[in-house]
Amino acid sequence: MSKEWPLWEIFIRGQHGLSHRHVGSLHAPDAEMALKNARDVYTRRNEGMSIWVVESNKITAFDPDTAEQNFAAPKSKVYRHPSFFEIPDDVGAM
Amino acid sequence: MDPLVTFCLRMGDTTLILGQQTAAWCGHAPVLEEDIAFANMGLDLIGQTQLWYEIAAQTEGKGRTPDDLAFFRTERQFLNAQLVERPNVDFAHALMRQYLFDAWHLPMQEALCESGFESIHDLAQKSVKEVRYHIDRSRDLIVRLGDGSEESRAKMQGALDALWPYAADLMATDEVEETLAAQGVLPGLDRVRTAFEAETAATMSRATLEIPGTGHARIGGRTGIHTETMGYILAEMQSIPRSFPDARW
């Protein structure tokens, strides 16, 4: 077994109303210490008001080699963007 | 000296020397995350030092600045508790020193939040939030490393055995504190020792560490008596401003 501490992904919410955003990762022996380390590493300059930590190996992702089959198709389907409607002037800003 | 000035120096010197000792870990802590955390904590302590020295300098009224107090006093004029001048040795010692300090510092700052002297009251209101985090962090690590592997437990117990006698110096008081207590500047000092004892007993038991029962206590720092390490700390900390007193950033 590796003697390295496990890796944790860190998510921080900058202010009320925003969602948590991934800011980076760090090592820690457990979730509690990961939170404390994240507080020290990522919120020194008043960046956040809430922190989530998730053990990196609990995250499931597509294999980058399958990017083509997963993500290429929509590139040619511009009509999926709602950018072809004419907005009447009296609707104002959307 | 005005008892208020003496007290502010006792507090500010203690946070300064610990901040200096903590700063020495920058770039040397066992892991990157701990490195940043330790440096952060040291900076908090040096920030608090500045506040204590401002009150001391203002009360003294001799035109000295916080920098004068930090860099142009000699060993016998420093009134920090001996605990914080004990050497870094290894991470176990640095962490145990930090935890014992925190276990005293938090109840002390909580008591100072009720001070009748406005600038101390304000200082404590600001500092106590930092100190609550410091002890949360150091307590967690003491428990994890004490109740950890055989090797980590042995190192933590060794550090506790070496440093415990110096904890008494944090709580040593004399007529300075008594005078200020009578004036309402230092309320509830008697609760600090009780809180320290309860905090350390509970944490060491969770950490499966044993507090030495020798009753041996080392005091003297509050009156300027220091251990053999103090001169080296000051030499390193003061050498630049003493060589180049007019240097500016």
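I began at Glu9(A), which stands opposite Val54(A) in S3(A). Strand S1 (residues 7–13) of chain A is joined to S3(A) by 6 bridges, and the two run antiparallel. Strands and helices here are DSSP runs, numbered from the N terminus: E of at least two residues for strands, H or I of at least four for helices. I took two strands as paired if DSSP finds at least two bridges between them.

A note on provenance: this is a predicted model, where local features need pLDDT of at least 70 and side-chain atom pairs count only at pLDDT 80 or more, while totals for chains, interfaces and linings use all residues. Residues are numbered from 1 along each chain as its sequence is written, and chains are lettered from A and ligands numbered from 1 in the order in which they are written.

Next I looked up the whole sheet. It is open, with 3 strands in the order S2-S1-S3 (chain A) and antiparallel pairing. S2 and strand S3 (50–55) of chain A are the edge strands, each pairing on one side only. From one strand to the next the twist averages 30°. H1(A) lies across S1, S2 and S3 of chain A, at about 130° to S3(A). Angles run from 0 to 180 degrees between N-to-C directions, with axes fitted as lines to C-alpha atoms, for helices over the stretch in contact.

Then I turned to where the chains meet. I found 11 residues of chain A in contact with 8 residues of chain B; contact is C-beta atoms, placed from the backbone, within 7 Å. H1(A) gives the largest share of chain A's side, 6 residues.

In chain B I checked two helices. The axes of H4(B) and helix H6 (residues 150–170) of chain B come within 9 Å and cross at roughly 35°. Leu100(B) is one of the H4(B) residues making this contact. Leaving aside neighbours within four places in sequence, Leu100(B) is in contact with Leu83(B), Leu163(B) and Ala167(B).

Last entry: is Ser119(B) buried, exposed or partly exposed? Ser119(B) counts as partly exposed because it has 16 C-beta neighbours inside 10 Å. The cut-offs are 20 or more other C-beta atoms within 10 Å for buried, 12 or fewer for exposed, and partly exposed in between, with C-beta atoms placed from the backbone. Ser119(B) lies in helix H5 (residues 118–146) of chain B. Glu54(B) is 65 residues from Ser119(B) in sequence, yet 9.7 Å away in space, C-alpha to C-alpha.

How values were computed: Contact = placed C-beta atoms within 7 Å.
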